[in-house]
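My notes follow in the order in which I looked things up.

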Amino acid sequence: MELKEFIDNFAAQMEETDPAEITATTAFRDLDEWSSLSALSIIAMVDEEYDVTLKGDDMKAAKTVEDLYNTVQSKL
């Protein structure tokens, strides 16, 4: 799994945010459309694309998209 692919998959879950705005250093909770529903979408995407189960604590610990990527990488 590559970081760019993960960022693209993350961006695809954000319907109202321009994908170009989402980078490795994006603090995803600061996105206008971020909500608990967005978090569930990301958890589902990670499960489907990478066969990794993210827990609520994993989401809470991550600040940026790259933090989430690193968490997923560590569970592969």
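**Terms and ground rules.** I call a residue buried under 20% relative accessible area, exposed over 50%, and partly exposed in between (1.4 Å probe, protein chains only). Helices (H or I, at least four residues) and strands (E, at least two) are DSSP runs, numbered from the N terminus. This is a predicted model: local features need pLDDT of at least 70, side-chain atom pairs count only at pLDDT 80 or more, and totals for chains, interfaces and linings use all residues. Residues are numbered from 1 along each chain as its sequence is written, and side-chain values use heavy atoms, with hydrogens and water left out.

**Entry 1: helix α1.** Which residues of α1 are buried? I found F6, I7, N9, F10 and A11. Their cover includes α2 and α4. N9 sits in α1 and is buried, with a relative accessible area of 17%. I count a contact when heavy atoms lie within 4.5 Å. Leaving out residues up to four places away in sequence, N9 touches M45, E49 and Y50. E5 is also in α1, but E5 is partly exposed, at a relative accessible area of 35%. I took one distance from E5: its C-alpha atom is separated by 9.9 Å from that of Y69, 64 residues apart along the chain.

**Entry 2: the core.** A nonpolar core here is a set of buried Ala, Val, Leu, Ile, Met, Phe, Trp, Tyr and Cys residues joined through side-chain atoms within 4.5 Å. The largest one has 23 residues. Which members touch the most others? They are F6, F10, F28, W34, I42, V46 and L68. The elements giving two or more residues to this core are α1 (3-13), α2 (36-50) and α4 (65-75). The largest share, five residues, comes from α2.

**Entry 3: F6 and its rings.** I looked up the neighbours of F6 next. Not counting residues up to four places away in sequence, F6 touches M1, M45, V46, Y50, V65, L68, Y69 and V72. Rings of Phe, Tyr and Trp (its six-membered ring) pair if their centres lie within 6.5 Å; planes under 30 degrees apart count as stacked, over 60 as edge-to-face and the rest as tilted. I found five aromatic pairs in the structure. One of them joins F6 and Y50, is tilted, and has 5.9 Å centre to centre with 40° between the planes. F6 lies in helix α1 and Y50 in helix α2, so this pair ties together parts that are 44 residues apart in sequence. Both F6 and Y50 are buried. F6, Y50 and Y69 form one aromatic cluster.

**Entry 4: helix packing.** Axes are lines fitted to C-alpha atoms, for helices over the stretch in contact, and angles run from 0 to 180 degrees between N-to-C directions. Angles under 35 degrees count as roughly parallel, over 145 as roughly antiparallel, 65 to 115 as roughly perpendicular and the rest as oblique. A crossing is left-handed if the near helix is turned anticlockwise from the far one by less than a right angle, and right-handed if clockwise.

I started with α1 and α2. They pack at an angle of about 135°, with their axes 10 Å apart, and are therefore oblique to each other. Their crossing is right-handed. On the α1 side I listed E5, F6, N9, F10 and Q13; these meet S41, I42, M45, V46, E49 and Y50 in α2.

Then I took α1 and α4. Their axes come within 10 Å and cross at roughly 115°. The two helices are therefore roughly perpendicular to each other. The crossing of α1 and α4 is right-handed. Here L3, F6, I7 and F10 in α1 meet V65, E66, L68, Y69 and V72 in α4.

A20 lies in the loop between α1 and α2. At 64% relative accessibility, A20 counts as exposed. The C-alpha atoms of A20 and I7, 13 residues apart along the chain, are separated by 9.9 Å.

Last, I checked backbone angles. Most residues other than glycine have a negative phi. D51 has a positive phi of about 55° although it is not a glycine. D51 lies in the loop between α2 and α3 (56-61) and is exposed, with a relative accessible area of 67%.
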